[in-house]
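Here's a quick briefing on the structure shown below.

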Amino acid sequence: MPHDKTVLRGVRPYGEDPVDIVVAAGVIAEIATAGSGAGRVIEASGLIALPGFVDIHTHLREPGREDAETVETGSRAAALGGFTAVFAMANTSPVADTAGVVEQVWHLGKATGLVDVFPVGAVTIGLGGEQLAELGAMATSAAQVRMFSDDGKCVHDAAIMRRALEYVKAFDGVIAQHAQEPRLTVDAQMNEGVLSGQLGLTGWPGVAEESIIARDVLLAEHVDSRLHVCHVSTAGSVEVVKWAKSRGIKVTAEVTPHHLLLTEDLVASYDPVYKVNPPLRTSTDVTALRAALAEGTIDAIATDHAPHPHEDKDCEWAAAAFGMLGLQTAFSIAVLTMIDSGLLDWRALADRMSVRPARIGRALGHGHDLKVGAPANICVVDPRASWVVEPATFASKSRNSPYAGMTLPGKIIHVLKAGKPTVEGGDLAC
Amino acid sequence: MRHLLSAGDLDVVSACLILDTAAQLASVTDRTVKKFPTLRGRTVVNLFFEDSTRTRISFEIAAKRLSADVINFAAKGSSVSKGESLKDTALTLEAMGADAVVIRHGSSGAPHRLATAGWIQGSVVNAGDGTHEHPTQALLDAFTIRHHLRDGMGDLAGVRVAIVGDILHSRVARSNVLLLRTLGAHVTVVAPPTLLPYGVSQWPCAVSYDLDEVLPHVDAVMMLRVQSERMHAAYFPSVNEYSRRYGLDIRRMGLLPPHAIVLHPGPMNRGMEISADVADGERAVMVEQVANGVSIRMAVLYLLLGGITDDGKKEI
């Protein structure tokens, strides 16, 4: 039956020669000569096909802060951003530290159906850093949690971190650490440097991140477990991760789009839209992070999409919440910083935005190469288009984008999730 | 200039204009009748999110001597502690027709935010924000130094000033380093390394850890208050050790050149950063600083609100 088939007509996988990608029964059924595929045609000539993106670091805010985001609105933003899977962080209210809460988030994701929502489980009860949450119960729940994180807070107690790393080996889990030494970052507001001294804002020194990463990679080595480092933000952290990988330690790392582009200078405006944790760093750090992502020391781009209601940003700096939106701009920032600069080609970008993040989070059905038989999670982009960021038009409930007014390269045109269009012509398909 | 947010916004011409204006106003206020009609009908709001009776009173007297209507708005707590937000407070003041808002806030950058977020139209004067700046304090310090060491005229070219104490948390230090440098003075900040900001080596001043070494080479020394909360946060081992190494006592006064003066923004911890005999000594100018503070704040308000040029633009 031709109607059961969808054809991405004339699309260029990874920017290579045009073909027809024929999708049937949720998988890539055929990769045919351009123009020859039969079925429902989605015109895609001149566009590039990539595996659907996987975001291993998203805050969907539900349950608890539905004024900022919900699983549904976050899923819409994710789909429009080219994602077919997102990992929802555990710092909700209540905290996702039980099988019940992760299953709730998982079910909400299923109900929306635009992306696969993989709940992240908290490492410790209430993110308190003192007592392990029931990691096994979350792992065996319907949500099948594999990634655990106290993101927003650091698992700072070395003994707790060691136990967590050990414990999740039983179900192939990974601990995703928010590396922030708490005593070195009391009331911290921005990167510690000359500028923080001038602005009178309490510094968040790079060493507070680097020292935790150094400790954690040694712990991961000692107990032979998997560590993932969230939002690496400094050149020094890159050096530590690189060293750990050279020793064969099972460590992976992510970088956010904003840390690939923005620098601390923006804080001089005291505009809280630039307040984020870890903070924006220096251009030296940005250069090092881009290079690390290019060479693979950093494995993945992850958004750390952090929606906040307007009042939490429309205030003085110290009173404002940390965080920035990321889902609908991540791809364009990646194009701007990594493709346009020549640091990554399309295949490598797919590796950093889909293949590796899916592997880190054990996101079944995602992160496959565009081959016959692979699940049809496909993102089709226009590399030549550009657009002006207007947060008011975002699908997210919140508006705290640091890119407002910027013209960014690269647009998401179509997205297929398990063979079904979620985005067509740049708009949600359903 | 519409606002006074940072001492760094002032160039040498505008800084000297403020100092000269303050001097003129001071000479007149020495007379029996202390009031000018200049700002009659204008409203100045003292918006204080932190308690600071002396700064608030200084601004209040300054505004009243210029015949402005003064409203004291003591905002209880900041939005951090679930009080009214800075934005809503600002919108309220705007609706009531404030021509200038003098703001003291515990959060660095709050005056900047008030001036730039589009909440209000009036002028904003920073009366101390967090650990950022306190520009009118720096102006009154410069005024006092100029009076003693430069006959109350011109800039401060070549004057050597030491600022001693908790540089890390001091808005007074930040504003003074910027303003004194603009006026041509040579500034040395002196503190234990724990109380110096990261990156201080790139500030437009010299840095020393040794007060005894610095004192013989300065014309003015400014002692900063050490806040009690620093005393228990491992910035230094004990009050006694701090006082021994960085306190200004009679022995250290002997190291200063005979013409040198001693400043302190107040309130002082007598026996901590400054001994009582030094604080009460004849080279201490703290009382003058307070008097000069009124003149400086009059000058700032006068120039921001009264100095309207023919084309309607406010100029300093």
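Let's start with B:Ser107, which touches A:Glu316, A:Trp317 and A:Ala318 as well as B:Asp129 and B:Gly130, leaving out residues up to four places away in sequence. This residue sits in the loop between strand S3 (100-105) and H4 of chain B, and with a relative accessible area of 7% B:Ser107 is buried. Keep in mind that this is a predicted model.

**The interface between the chains**

- Chain A and chain B put 21 residues each into the contact.
- Together the two chains bury about 1,600 Å², and 53% of that is on carbon and sulfur atoms.
- On chain B's side, B:Ser108, B:Arg113 and B:Tyr198 supply 34% of the area buried against chain A, more than any other three residues.
- There are 10 residue pairs in polar contact across the interface of chain B and chain A, with both residues at pLDDT 80 or more.
- Helix H3 (86-95) and helix H4 (110-116) of chain B each bring at least two residues to the side that touches chain A.
- H4(B) gives the most to that side, with three residues.
- Sorted by class, the side of chain B that touches chain A has seven nonpolar, 11 polar and three charged residues.

**Salt bridges across the interface**

- How many salt bridges link chain B and chain A? The count is two.
- A:Asp314 pairs with B:Lys87, with the closest N and O atoms 2.4 Å apart.
- Buried or exposed? A:Asp314 is buried, with a relative accessible area of 12%, whereas B:Lys87 counts as partly exposed at 24%.

**Salt bridges within chain A**

- Over all chains the count comes to 32 salt bridges.
- A:Arg65 and A:Asp312 make one of them, with the closest N and O atoms 3.6 Å apart.
- This pair links distant parts of the chain, 247 residues apart: A:Arg65 is in the loop between strand S6 (53-58) and helix H1 (71-80), and A:Asp312 is in the loop between strand S15 (300-301) and helix H10 (330-339), both loops being in chain A.
- A:Arg65 is partly exposed at 35% relative accessible area, and A:Asp312 is partly exposed at 23%.
- A:Lys242 and A:Glu295 form a salt bridge too, the closest N and O atoms being 3.4 Å apart.
- A:Lys242 lies in helix H7 (residues 235-246) of chain A and A:Glu295 in helix H9 (residues 283-295), so the pair ties together parts that are 53 residues apart in sequence.
- A:Lys242 is partly exposed, with a relative accessible area of 40%, and A:Glu295 is partly exposed at 46%.
- A network of salt bridges links A:Lys245, A:Asp299, A:Asp351, A:Arg352 and A:Arg356.

**Two buried residues to look at**

- A:Asn191 lies in strand S11 (residues 190-191) of chain A and counts as buried at 6% relative accessibility.
- The side chain of A:Asn191 makes a polar contact of 3.0 Å with that of A:Glu264 and a polar contact of 2.8 Å with that of A:Arg281.
- B:Leu114 is in helix H4 of chain B, and with a relative accessible area of 1% B:Leu114 is buried.
- Beyond its neighbours up to four places away in sequence, B:Leu114 touches several residues, including B:Leu47, B:Leu86, B:Ala90, B:Val101 and B:Ile103.

**The chains overall**

- Chain A comes to 11 helices and 19 strands.
- The radius of gyration of chain A is 21 Å, close to the 22 Å that the globule rule gives for 430 residues, so chain A is as compact as a globular protein of that length.
- The C-alpha atoms of chain A fill a box of roughly 65 × 45 × 45 Å along the principal axes, and buried residues make up 63% of the chain.
- Chain B has 11 helices and nine strands.
- For the 316 residues of chain B a compact globule would have a radius of gyration near 20 Å, and the chain's 19 Å agrees.
- The C-alpha trace of chain B spans about 55 × 45 × 35 Å along its principal axes, and 57% of its residues are buried.

Notes
Residues numbered from 1 in each chain as written. Chains lettered and ligands numbered in written order. Predicted model: local features only at pLDDT ≥ 70, side-chain atom pairs only at ≥ 80, totals over all residues. Heavy atoms only, no water. Contact = heavy atoms within 4.5 Å. Buried area = accessible area lost by both parts, 1.4 Å probe. Salt bridge = Lys/Arg side-chain N within 4 Å of Asp/Glu carboxyl O. Polar contact = N/O pair within 3.5 Å; in protein donor to acceptor, adjacent residues only side chain to side chain. Helix = DSSP H or I, 4+ residues; strand = E, 2+ residues; numbered from the N terminus. Nonpolar A, V, L, I, M, F, W, Y, C, P; charged D, E, K, R; others polar. Rg over C-alpha atoms; globule rule 2.2 N^0.38 Å. Buried < 20%, exposed > 50% of the residue type's maximum accessible area, 1.4 Å probe, protein only.
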